[in-house]
Amino acid sequence: MAVAVAVAVPMLGACGIRGTDVIEAGGPASFQAFLNRDSDMLLFFRAPDGNLAPVIRTVESSTEFGDGYSESGSGDAAEDAIPTEKVVLALLSGPRTEDRAAGLTSTLPTPRRGTTIELDRSRDDRIKAGLPFALAPLDSTAVRQLTCTIAYSEEADGEILVELTGQDGTSKSGTCGLDPDAETAPEVRAPAE
C-alpha cells in the first residue's frame with residue numbers, strides 16, 4: 001500500500017494542471033467604500049504619525065424599527081444628507097475614547113453649547129465656512145482637519161475648495177488633497193451620539 005501511494009503522488013503532480021500566479025484585485029479598500037453619506041459622517045483627526053486619519057461616525061436615523069435597526073437611504077439624498085454644520089461640530093467635539101485608544105488626537109478648540117458654524121454655498125466650486133474661534137493660532141494639521149472634514153461632507157470626492165474664516169478675521173483656503181485610495185491611516189468606526 002505504501003508503494004502505491006509513493007507512486008501515485010508524483011503521477012498526480014504531473015497531470016498537466018499548471019499552477020497560477022497571484023492575481024492582483026486592486027489596492028486596499030478606502031474609507032469611501034464604507035461610507036454611507038445618508039447616515040455616516042466622515043471626520044479627520046490627527047494620527048500618531050502627524051497625518052490625517054479618517055473616522056466614520058454613524059448617525060442613527062429617525063426612522064427606527066425595533067432594537068438597533070435603523071433604515072437609511074430612503075427619500076431624497078439632499079434631504080437625507082447630514083448637514084455639514086453638524087459634521088463640523090462633531091469634529092470640534094474631538095476624538096472619542098475609542099479614537100484616542102487608536103492614537104488619534106486633535107488640537108481644535110472644543111465648541112461651547114449653542115456654537116454655530118456659518119456656511120456659504122453660493123458658488124458651486126467652493127464653500128465658505130465662518131468659524132466661531134480664532135483661526136490664526138491653529139497649526140497646519142488642525143486646518144487640514146477642518147478643510148478635509150468640510151470638503152468630504154460637501155462633496156463625495158472631497159475636491160471642493162474650502163475657505164475658512166475665523167472670528168479673528170484670519171482666512172485660509174485650500175482643498176483637502178487626500179487621495180482616499182492611498183490613505184493608509186487607521187479607520188475608527190463608532191456610532192454618533
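Author: A salt bridge here is a side-chain nitrogen of Lys or Arg within 4 Å of a carboxyl oxygen of Asp or Glu. This is a predicted model, in which local features need pLDDT of at least 70 and side-chain atom pairs count only at pLDDT 80 or more, while totals for chains, interfaces and linings use all residues. Residues are numbered from 1 along each chain as its sequence is written, and side-chain values use heavy atoms, with hydrogens and water left out.

Reader: What makes Asp125 and Arg126 a salt bridge?

Author: Their side chains meet at 3.5 Å, N to O. The cut-off is within 4 Å, so the pair counts.

Reader: Which other residues belong to a network with Asp125 and Arg126?

Author: Arg123 and Glu163 are linked with them in a network of salt bridges. For Arg123 and Asp125, the closest N and O atoms are 3.3 Å apart.

Reader: Why is Arg126 called buried?

Author: Buried means under 20% relative accessible area, exposed over 50%, and partly exposed in between (1.4 Å probe, protein chains only). Arg126 is at 17%, so it counts as buried. Arg123, at 43%, is partly exposed, and so is Asp125, at 40%.

Reader: How many salt bridges does a search of the whole structure find?

Author: The search finds seven. One of the salt bridges joins the side chains of Arg57 and Asp99 at 2.8 Å, N to O. Arg57 lies in strand β2 (residues 52-58) and Asp99 in helix α4 (residues 97-101), so the pair ties together parts that are 42 residues apart in sequence. Helices (H or I, at least four residues) and strands (E, at least two) are DSSP runs, numbered from the N terminus.

Reader: Are Arg57 and Asp99 buried or exposed?

Author: Arg57 is buried, with a relative accessible area of 3%. Asp99 is at 0% and therefore also counts as buried.

Reader: Where does Arg112 lie, and why is it called exposed?

Author: Arg112 lies in the loop between α4 and β3. Its relative accessibility is 69%, so it counts as exposed. The C-alpha atoms of Arg112 and Ser93 are separated by 9.4 Å, with the two residues 19 residues apart along the chain.

Reader: Why is Asp124 called exposed, and where does it lie?

Author: Asp124 is at 75% relative accessibility, so it counts as exposed. Asp124 lies in the loop between β3 (118-120) and β4 (126-130).
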